[in-house]
Structures are given as C-alpha cells and as structure tokens.
Amino acid sequence: MKKTYLNVLALLLAALMILSGCSAKPAPAPSEPATTPAEASTPAESTPAPEPAESTEPKHVEVLRIGTTSTNDTFNLTTQGGSFGVMNYNSFVAGLFWERDEFGKPQPGAIKDYSISDDNLSITIYLPENLYWHDGKQVTSDDIIFTFEYARDVLLSSRLKDIVLTRDGDYQATITFPEGDSAFAYVNGQTSWLKIYPKHIWENVADNKEYMGEDRVIGCGPYRFVSVDEDAQLATYEAVENYWKGEILVDKVTVKSYASQEAQIMALRNNEIDAIYNYSGPISATLFPTLEGDPNCDLGISPDPGNYMIMFGYNEAPTNDYPFRKAVTLALDYDLFGQTIYGKYYNIPTKGVIPTPNMGYNSSLPEMTYDPEAAKAVLEEAGYVDVDGDGYREDPQGQPLNVLITPQNNKSRAELLTRIAAVIADNLDKIGVKTTLDEESLTSREAWSARSENGGTYQIYIGYCTSGIASYIGAPMYIVNYTETGWWGTWQDPAYMDAYNKVRASSSFEEYEASMLELQEVIAEQLPAVSFAFGTSSFPYRTDKLDGWINFPGWGVINPKTWYTTYSK
Amino acid sequence: MIKNIWKEFRKNRAFRLGVILLLFFISMAVLAPVIAPYDPEALLGMPNQRPSAAHWLGTNDIGQDIFSELVYGSRISLKVGIVAALAVTTLGSTIGMVAGYYKGVVDKVFTVLTNVAMTIPSLPLTILLVGFLKTGMLGMVVAICITAWAGTARVVRAKVLQIRELPYIQIEKLMGVSDFKVLFKHIVPNIADIVMTRCALSVGGAMMTETSLSFLGLGSFTQKSWGNILHFAFYRNGVINNMWWWYLPPILCISGCMLGFVLVTHYGRSRSQLIKG
Amino acid sequence: MLFPFRGFERDLSMKRKIILNRLLISLGTIFLIVTISFILVNLMPGDPLVNIMGDDQYYRVKYSDPELLEEIAKKYGLDGSLGERYVKYLGNILRLDFGFSFTRNRSVLDIVLYRLRWTLVLAVPATILSALFGALLGIRAGWYQNGLLDRIMTPLTLVLNTIPTNCTAILFLTLFSYKLRLFPISGMASGGLTGGAYIRDVMWHMCLPLSVMVLSRTCSNFIHMKSYVIQVKGEEYILTAVAKGVPKTKVLFRHVLKNALLPYVTILCMQFGHIVSGSVMIEVVFSWVGMGNVMNTAISASDFPIMQMCFLLTAVCMVVSSILADVLYVLLDPRIKEV
C-alpha cells in the first residue's frame with residue numbers, strides 16, 4: 001500500500017520540479033503596479049516631436065522590436081494580409097509610390113518624384129537610378145507599367161479600367177486617366193497602399209494570392225525580409241545597405257504579433273517590445289491604467305483623424321426629419337461618449353463631424369452641446385409628444401415611435417459599439433424616445449449588409465471612420481448616397497453632392513481644403529451625421545532606450561519616417 | 001415525494017447546501033426588482049468606480065451598477081438554463097421512452113442516433129452550430145438542444161427497458177390497453193424521478209454552455225447574463241486592470257448556481273443509481 | 001478450466017463480429033457527419049458562396065467584380081445541382097481538399113493541421129498527467145473510502161468541477177501572470193530561440209494553460225476512478241478474497257485495479273477524442289493559437305471552410321476514439337456479451 005502512496009508523492013514531486021524548472025526563467029523585473037489613473041501627462045493635442053538635433057552623430061538602433069496584432073502568416077507583396085501587409089503601409093519591405101507625412105500629405109515613397117499634369121488627368125512618375133529590388137535587379141519604368149497593368153488585369157482594380165500607360169524612358173512613366181477623373185484624388189487615395197511590383201517575379205503568376213514562391217516577399221523598400229518563426233509569431237527584417245533615400249538608422253526590425261491588445265501592452269511594459277503598431281487599431285482607452293505611471297512608457301497619444309459617429313437614415317422616418325435629428329444631437333452626452341471611447345483624452349466634437357487633425361478641418365463651426373431640456377423642447381415643437389401616456393413620445397401622426405439603433409458589424413469593435421449603443425439608448429430614453437438595439441445587425445453580417453448597404457433602411461447607424469479613410473475623404477464618404485464610393489450613405493442633398501463632387505475632383509490641396517470646408521458647412525446645417533467625440537489614438541512606445549520618435553496623428557510612432565529618425569540614446 | 005425530499009433535506013448535508021444555494025439564486029431572480037438598487041441598463045454617471053456604499057460592486061465601463069447587473073443577470077442565466085434544459089429533457093426523454101418502450105427497429109435506430117450524438121463533442125459543436133445558426137439566445141438554445149439530448153435519452157431508455165418488463169405492465173398490454181395510456185399512466189410516473197434529476201443536471205450544463213458561449217461573444221449582446229457580464233469584464237479590460245469586483249462576482253454566481261444543481265441531484269443519485277452518462 | 005477451448009473460439013468470433021459491427025457503425029457515423037456539414041453550409045439562406053468566401057471577401061468581390069464571383073462559384077462546383085455539388089464535395093473530402101481560406105489566404109488543410117499540432121502539444125501532456133493524477137488519487141480515495149484523502153478530495157473536485165474552465169483560466173491568468181508575473185500572459189513562444197532553450201521557453205509558456213487543463217481533467221478522472229474502485233471493491237469475489245485472508249495489497253493490485261482500470265481506460269480513450277477541440281476556452285484566454293482558437297476566430301470572421309474542417313476533424317476524432325474505446329473494451333473484458 002505504501003508503494004502507491006510513494007508513487008503519488010514521487011509524481012507530485014516530479015510535477016513540482018517541472019513547474020519550478022519552467023519558472024526558472026528570469027521573471028520580468030517588477031515595475032510600478034497599475035495605480036489609479038494619474039493626471040494626464042501628455043496633452044491631448046501633442047504636436048509631433050521635433051527631429052533630433054543633427055549636431056552629434058545619431059547612434060544606430062541595433063534592433064527595433066515592434067508588436068502588432070496582425071498575424072505573421074501572410075507574406076505576399078501583392079496582398080494586404082497579415083502583419084507583413086500592414087507594415088508595408090510604412091514604406092517597409094514594399095516600395096510605395098506615395099507615403100504620408102505627419103501632416104497627412106502625400107510624399108514620394110520609393111520613387112524620386114512625381115508630377116500631376118495641369119489638366120489633373122495624368123501622373124508622371126520619376127524613378128531614382130539607384131533603386132534595386134532585394135534580389136539585386138534594378139527597378140525600372142517597366143516595373144511601373146507592369147504594376148498598373150497587374151493592378152488592372154489581375155487585381156481587378158475598377159478605378160484603373162480605362163487608363164493609358166506610357167513609358168517615357170528607363171526611369172520615367174506616365175499614367176493617364178480618362179476624362180472626368182482626378183489624378184490628384186487618385187494619388188491622395190492611394191497614398192500608403194499602392195506598391196511597386198517586381199515584373200520579373202509576378203508577370204507569370206496568375207493567382208497572386210495562392211502563389212507560394214520564396215520570392216513573393218521581394219520588394220524595393222528600405223527593409224528586406226529575413227525570416228519568420230511562425231510558432232513564436234516573430235518576423236525578422238534587416239535594413240538594405242546604401243538605400244538611395246539616405247542613412248537608415250534602424251539596422252534590424254522584428255515584428256512580433258500578439259493575440260490581443262492586453263498581451264501587447266504587457267509585452268511593452270515587460271520590455272519585450274519597443275513600440276506598438278496596429279493598423280487602424282489604436283490601444284483601447286480601458287488599457288491606459290496599465291501603463292500610466294510607468295516612466296519608461298509613453299501612451300503615444302495623438303489626435304485621431306478618424307472617429308465614431310452616428311449616421312442618420314434618410315430612407316426612414318423619423319430620422320429623415322430635421323427636428324428629430326436635431327433633438328438627438330442635443331440629447332447625446334458627449335462627455336460620457338468621450339470617456340467611454342477615449343478615456344480622458346478627447347474633445348467635444350463640432351457640428352462639422354470631421355475631426356481636428358484632418359486636412360480641411362473647419363474650425364469655425366460650433367461645438368456640440370448636451371442639453372436634454374432643449375432636445376425635449378425641439379421634439380415638442382415638432383409634434384413628437386407622448387399621446388398615450390406610456391412615458392414615450394409618439395411621432396407627429398400619433399403613431400408609436402421606436403427608433404432602431406444599428407451598430408456597424410465589426411467583431412473587433414463589437415464590445416465598444418454595443419457600449420456606445422447602450423449610452424445612446426439611455427440618452428434618448430431620458431428625452432422620452434424609445435429605442436431598440438438592432439442586435440441582428442450586430443451579430444449577423446448578412447442582416448447588417450441588408451440593413452446598411454445600397455439604400456440602407458437603418459435609422460440611427462453607429463459607424464466608424466478609420467484614420468486611413470479620413471486621410472483622403474473621411475466621414476463625408478459614409479454619409480453620402482453615392483454608390484460609386486460608399487455603400488452606407490443615404491443622403492442626397494444637392495448642395496452636399498455638389499461639395500462632395502468638388503472634393504473628389506479637386507486637383508490640389510487648396511481646392512481639396514476649400515471644398516472640405518464647404519462640405520462641413522452643409523453637414524452642420526442639416527445634421528445628417530454627428531460625431532461622438534473628437535478623440536485621440538494611442539500607440540504606446542518605450543522611451544528608455546530609443547529616441548527620435550515622430551508620432552503621426554492617428555498612426556503612431558511606427559511610420560515611414562521611423563527608419564530614418566529613431567536612434568539609440 | 002415531498003416527504004422524501006424533506007427527509008433527504010434533514011439527513012443529507014450536501015443536498016441541504018444544494019437546496020439553499022438554489023433557493024438563494026432563484027429568489028434573487030424572482031425578487032430582482034426589489035433587491036437591485038438600480039436599473040441595470042441605466043447609466044449612473046461615473047464609469048469604472050470601485051465598490052462603495054452607493055455601488056456595492058462598483059460600476060462598469062459605462063457607469064452601470066454591477067450589483068444590479070448581477071442580480072438581473074440571474075434572471076437571464078436561469079431562464080436560458082431552464083428553457084434549454086426543458087427542451088433538452090423533453091426531447092431526450094421522449095426519444096428514450098419511445099426507444100425503450102417499442103424496442104425492436106425503433107430502438108435500434110434511436111440507439112444508433114444516440115450513439116452518434118454522444119460521439120460528437122458538445123461544446124465545440126455547440127460553438128460551431130451557433131456560428132452557423134447565427135448568434136443570439138434562440139440559436140444558443142437550439143444548439144444546446146441539438147448537442148445535449150443524448151445523455152438523457154440513453155438513461156431514460158435504460159430505465160424504460162426495465163420498467164416495461166414489470167408484470168403489471170405486461171398484463172395491461174395483454175389486456176389491450178393502448179400504448180399511449182400505458183406510457184402515461186405507468187411509465188411516466190416511474191421515470192419522473194430520473195427525468196427530474198437529469199433536468200436539474202441539464203440546467204446546470206446549459207448554464208455552463210451559455211457562460212462559455214457568451215464569454216466568446218456568441219451569446220446575446222442585449223441580454224445581460226452572467227456570461228455576458230464576464231465577457232465585457234474580460235474584453236473591456238476589467239481583468240487586466242484587476243477590477244475583481246467586476247469579473248469575480250459573475251464567476252462566483254455561475255459556480256455557485258452550478259454547484260447547487262449538482263448537489264441537488266445527489267438526492268436523485270441516492271434514490272436511483274441510474275444516472276450516468 | 002474457465003474457458004473450454006471450443007467455447008473460447010466461439011467467443012473470439014463473436015468479439016470479431018461485434019468489432020466489425022462497431023466499425024461499420026462508425027463509418028456510417030462519419031458519413032453522416034460529413035453530410036451534416038454539407039447541409040449546414042449549403043442549405044443556409046443566401047448564396048453559399050458567402051459562407052465559403054466569408055462575407056467580407058464576398059461583398060468586396062461582388063461590389064468590384066461580379067463576374068469573378070461566377071468563376072469562383074464554378075471552381076467550387078456551385079453551378080451544378082444540389083446532388084452534383086454533394087458528389088463533388090464528397091470527392092474533395094476524399095482527396096483531403098478542404099478548400100481555400102479567403103480570410104487567411106491559405107489552404108484550409110495547412111492552417112488547421114498546423115494549429116492542430118499546437119493543440120496536441122498542450123493536450124497530450126494534459127491527458128497523460130491528468131490520467132495519472134486522477135488514477136492515483138482516485139484509487140486511494142476509493143480504497144480508503146471516507147479516509148482523509150477522500151474527505152478532502154471529493155468535495156474539492158465537486159466544487160472545482162462546477163467552475164467553468166474559462167473562469168478558472170481567468171483566475172489563473174490574473175493571479176500568476178498579472179499579479180505575480182511568474183508566467184507570460186499569452187502566446188506559445190518568445191521567438192529567436194533554438195534547441196533546449198526553445199523547449200524550455202515553450203514549456204514556460206504552456207505552464208498555465210496546462211495546469212488549468214490538468215486541474216479540470218484530474219477532477220473528473222478522480223471522480224470516475226473513485227467510483228470504479230468502490231464498485232469493484234463491493235463485488236463478491238473481492239469480498240471472498242479478503243475473507244480468505246489474501247493480503248490487502250495483493251487484492252488491490254491483482255483484482256481491484258485490474259478490473260477498475262478497464263472502464264478507466266475506456267474513459268481516457270473517449271477523452272482523447274475531446275483533446276482536439278476540448279481546449280477552446282483555455283486557448284482563447286491564454287491566446288494559445290491551436291485548433292480551438294482557430295475555430296473561434298473562424299466563427300468571428302465567418303470563415304466557413306475552416307469551420308467546416310474543424311467540425312469534421314473534431315467529429316472524426318471523437319468517432320475514432322470511441323471506436324478505440326469500444327474495441328479495447330471488447331478485447332479486454334471477458335464478460336462482454338452482445339449489446
């Protein structure tokens with residue numbers, strides 16, 4: 001009998017040894033525990049940091065460790081998938097035609113320069129003569145022509161259907177759009193996305209997505225792909241020697257992907273990564289307390305060009321009625337929305353919907369006000385009164401009113417969208433308007449598409465404008481009923497359509513900004529949409545070893561400039 | 001029967017604890033409007049508050065009172081558990097009864113079906129089914145129903161096989177009493193014990209499944225069950241920020257309720273040795 | 001002589017018949033499951049392409065290039081009648097062609113098998129450890145019924161069994177990773193390591209998920225083993241042996257264990273069928289990217305090809321393990337009769 005007993009003991013001991021053996025790995029040094037939210041150390045409106053002083057030779061960064069939530073699984077120059085795809089938005093492995101600077105303006109990426117013709121229909125691209133693919137071949141205008149052909153014929157970009165391509169020399173090519181299009185808008189819209197494809201690799205590949213050749217990661221950006229450890233979700237990249245754009249200060253980059261933002265934050269705190277980069281996925285405000293008070297980490301707060309907003313449905317009553325929309329905008333508790341979405345770092349939105357850091361932001365428009373009493377008065381006056389005495393208002397015809405709240409169908413934002421919907425419901429409840437959550441749209445993509453696309457039948461729609469889209473057209477695209485560019489909008493006001501078309505056809509930043517200003521005036525007047533808050537994005541980074549970070553608004557410290565400016569302390 | 005239960009209650013400590021736990025949660029559900037200090041949907045101003053006299057378990061990320069959420073959550077959690085369990089038990093015992101009573105080909109077919117259903121792993125299948133059926137409470141109940149009936153069917157069938165051989169039932173059958181009558185007059189009362197035990201176990205099981213599904217975000221977003229509270233506590237970072245007053249209470253409630261159902265079935269266990277599987 | 005020769009032979013042939021019977025039923029089951037999964041994808045409302053491509057991709061393509069949709073439909077044999085589609089689908093499955101995942105740009109088979117490996121890394125040790133712990137503790141508690149171990153372990157396992165695994169996982173995560181910072185909070189490896197360091201690193205990462213899994217499995221194994229031992233202990237021949245004065249240890253090892261281990265092994269076999277998929281909750285909480293996690297993300301992304309393969313794989317695993325359990329039972333148990 002003793003034997004069994006001993007066996008048990010021996011086993012338990014063995015198990016203990018295994019466990020302790022495992023934990024023998026040095027535990028991360030304990031740092032400050034997450035305490036109660038400290039006072040904001042970073043102002044909400046931080047301006048990009050100045051470039052490092054040039055007086056002393058900046059020290060190279062041996063390795064920059066980036067954490068992301070995109071997975072390290074797709075490594076293919078022609079797709080946007082995986083961490084490889086989203087890292088390329090920063091002029092990384094892929095050579096971009098245009099990259100965006102910290103002021104939101106397009107700049108030449110891997111190309112030397114570009115020019116737009118006076119008629120705003122053709123773009124001429126000039127290549128440097130010392131730009132090489134990572135396999136050693138030179139990049140020439142043939143590659144440029146090939147890229148557009150490939151995008152048109154294989155990737156099926158509808159925008160390029162009728163373009164004309166001309167080869168003006170070994171390092172120069174021109175693309176011409178048909179009458180009525182805008183080359184400027186094309187550049188603005190393709191900035192950060194459009195990559196140069198190597199002709200010698202892809203010309204014989206019919207199905208680009210299923211292509212598994214080793215050379216599918218060959219680009220002409222400042223970094224070349226080295227290896228990936230799929231088990232650890234760690235990809236390694238190294239700087240290209242003598243890159244034509246100038247001295248690269250970051251010698252090696254690793255990109256590790258994490259399953260969640262919590263894991264990312266903990267990794268940053270434990271000094272496993274130096275900076276966080278999530279495309280269109282700023283760190284949730286609910287995670288701020290874990291980093292606050294850590295002197296080695298900066299929350300990386302920057303004003304967010306993107307925003308959450310309500311779009312009102314014009315195909316349904318009562319949201320097609322101006323007084324009703326006005327009452328809703330008066331009933332919303334903007335401070336509570338700001339807290340729910342952005343934590344402490346937000347501003348009350350203006351009637352123009354488009355947030356502060358965007359090109360063409362209209363600063364003359366008034367801020368939204370939270371005034372439930374005024375909201376009630378507006379409703380009373382417009383005939384929305386409680387006829388049957390159940391505590392909820394009826395519509396002007398005396399029919400019961402039950403307004404549907406439709407959140408966007410998005411799994412990664414489902415929790416926040418549900419929370420926003422709950423706040424709206426509560427706010428409207430306080431002015432006597434009954435609401436229902438459109439749960440079907442939240443959980444079923446099909447139901448959501450039916451509700452929102454192609455002349456949607458939603459009433460109050462909660463949408464999100466990503467900072468990416470904000471950079472070239474933004475919120476107005478979501479509102480307009482214009483099947484070519486967006487599916488969700490239901491508004492077709494002539495003045496608005498006019499201004500919208502002007503934005504799309506603009507041939508310069510001056511024109512773009514002017515028509516944007518006009519757009520916001522019309523929005524402010526008619527209230528087809530309302531922003532919940534002008535918020536911030538957080539992309540935290542460590543400050544103890546590296547310096548020279550430039551925090552792009554809504555984008556973070558990992559951006560096209562990182563490779564040339566970040567240096568070791 | 002009530003006498004039996006009372007006897008068991010006095011004699012069996014585990015059973016007593018189970019009954020007390022269940023009574024506790026059931027009264028919480030029934031008296032929710034009386035117990036809960038606030039409307040669980042109402043926003044009360046300050047989000048993310050620590051426990052205080054005004055908010056016993058603090059407030060969540062949009063300023064709803066967590067204690068009230070929890071109290072009302074018992075309604076949803078129990079409702080899903082009970083509805084799913086009733087469906088499961090009805091389906092399972094009908095199949096078991098028919099199979100056991102008629103024997104022969106019917107039994108063979110049902111047995112094979114039961115075996116098939118028993119082989120399919122329930123939680124992953126439920127998750128997948130909900131994925132196919134679209135999320136929400138109804139999808140969840142249907143999915144639970146499809147995956148969980150087999151155990152009950154098997155147990156009921158075994159018992160019915162035994163009972164139908166009893167002399168007086170055989171005599172009635174010979175006398176030409178209709179099957180329907182025999183089934184409801186003699187068989188149903190005889191398996192009531194077992195069915196009730198299985199039902200109680202199913203409630204617990206269904207609540208467990210509901211918690212798991214809601215936690216994964218496959219449940220309902222508007223119905224605040226305990227699993228749903230836990231989901232938000234986890235995905236709105238209550239766990240990483242160590243807000244124990246947010247994530248711990250729903251866990252305790254779920255486990256306590258489960259424990260109650262398991263302990264109560266001990267009553268059945270001591271009376272009939274047939275619950276297995 | 002317990003088994004007269006002729007009778008033993010008959011016994012064997014009967015066993016063969018039973019096993020054959022079981023195999024046939026299993027094949028039928030697998031066929032049924034394959035059909036169910038076809039029905040799930042094809043008879044759902046809407047264009048089946050939505051389910052195959054995932055909504056995201058489907059609507060993007062539909063918007064930008066409706067003709068491409070027709071081509072994809074042809075590729076998947078969706079242009080034929082339901083019957084034709086079914087035959088084509090069966091053919092694809094036989095050739096282990098589970099399609100292409102549009103959300104991940106990869107063959108479904110590649111993705112799922114790769115993830116399966118990581119689930120096994122976690123599940124195999126968990127099954128073995130919990131089988132050992134459960135057996136050792138269960139035997140002791142059953143043999144010395146109402147002894148100290150029994151009195152502690154029985155209520156403890158009962159309570160632990162009622163806590164959903166995701167809750168246990170959350171509690172472990174908060175305590176050991178967030179608070180004590182002893183273990184990593186997610187993932188499977190740190191990266192950049194090779195050889196022994198790599199193995200140690202993976203073990204360090206798997207400590208918490210493994211512990212949670214072992215804990216929950218040990219509880220149910222314990223309860224099973226204990227009840228088997230108690231059951232066997234009460235049998236007449238054991239009582240006789242004890243009355244005859246056979247030493248207790250000998251009774252335990254010769255008779256009780258031999259008989260109690262049989263149903264226990266069967267239970268373990270059944271458990272093996274769950275390991276492929278039984279760890280969804282744990283994988284989600286600890287971001288262990290195995291089968292369960294892939295299944296969960298596939299559902300979020302409505303990636304039906306992946307869901308379909310996960311469904312088939314888990315079900316087939318269950319069928320195989322249950323047939324394994326059946327065969328073992330039939331082969332090992334001398335008392336088996338036709339069931």
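This text walks through a predicted model, from its confidence and overall make-up to single residues.

Start with confidence. Chain A averages a pLDDT of 85. In chain A, 89% of the residues score at least 70. Helix α1 (residues 2-23) of chain A has the lowest confidence, at a mean of 44. Strand β21 (residues 541-542) of chain A has the highest, at 96. Over residues 8-54 of chain A, pLDDT stays under 50. For that stretch the model has 60 contacts beyond four places in sequence.

Next comes the make-up of the two chains. Chain A has 18 helices and 23 strands. Chain B has 11 helices and zero strands. Read along its sequence, chain B is α-α-α-α-α-α-α-α-α-α-α. Of the 569 residues of chain A, 58% count as buried. In chain B, buried residues make up 58% of the 277 residues. Contacts can also be sorted by sequence separation. Among contacts in chain A with a separation of 6 or more, 69% join residues 24 or more positions apart. For chain B, the corresponding share is 68%. The C-alpha atoms of chain B fill a box of roughly 75 × 45 × 25 Å along the principal axes.

Chain A divides into three parts: domain 1 (95-202), domain 2 (221-300 + 539-568) and domain 3 (307-536). Domain 2 of chain A is written as two segments, 221-300 and 539-568. The centres of domain 2 of chain A and domain 3 of chain A, taken over C-alpha atoms, are separated by 34 Å. Their contact takes nine residues from domain 2 of chain A and 11 residues from domain 3 of chain A.

One residue gives a view of the packing. I431(A) sits in the loop between α11 (414-430) and β17 (435-437) of chain A. Is I431(A) buried or exposed? I431(A) is buried, with a relative accessible area of 2%. Which residues is I431(A) in contact with, leaving aside its neighbours within four places in sequence? They are A327(A), A331(A), P372(A), A375(A), K376(A), L379(A) and R393(A). For a sense of scale, take F225(A). I431(A) and F225(A) are 206 residues apart in sequence. Their C-alpha atoms are 58 Å apart in space.

Now the backbone. Most residues other than glycine have a negative phi, and most peptide bonds are trans. The peptide bond from A317(A) to P318(A) is cis, with omega near 0°. P318(A) lies in the loop between β14 (307-312) and α8 (322-331) of chain A. S91(A) is not a glycine, yet its phi is positive, near 50°. S91(A) lies in the loop between α2 (82-87) and β2 (98-100) of chain A. S91(A) is buried, at 5% relative accessible area. Q233(A) is not a glycine either, and its phi is positive at about 55°. Its place is the loop between β8 (223-229) and β9 (234-239) of chain A. Q233(A) is buried too, with a relative accessible area of 11%.

After α9(B) comes G217(B), whose phi is positive, near 85°.

Finally, the cysteines. A disulfide is a covalent bond between the sulfur atoms of two cysteines. The cut-off here is a pair of cysteine sulfur atoms within 2.5 Å. By that rule, the count over all chains is zero disulfides. C145(B) counts as buried, at 14% relative accessibility. In chain A, C465(A) is buried as well, with a relative accessible area of 1%.

Technical notes: Residues numbered from 1 in each chain as written. Chains lettered and ligands numbered in written order. Predicted model: local features only at pLDDT ≥ 70, side-chain atom pairs only at ≥ 80, totals over all residues. Heavy atoms only, no water. pLDDT = per-residue confidence, 0-100. Helix = DSSP H or I, 4+ residues; strand = E, 2+ residues; numbered from the N terminus. Contact = heavy atoms within 4.5 Å. Buried < 20%, exposed > 50% of the residue type's maximum accessible area, 1.4 Å probe, protein only. Domains from an automatic or database assignment.
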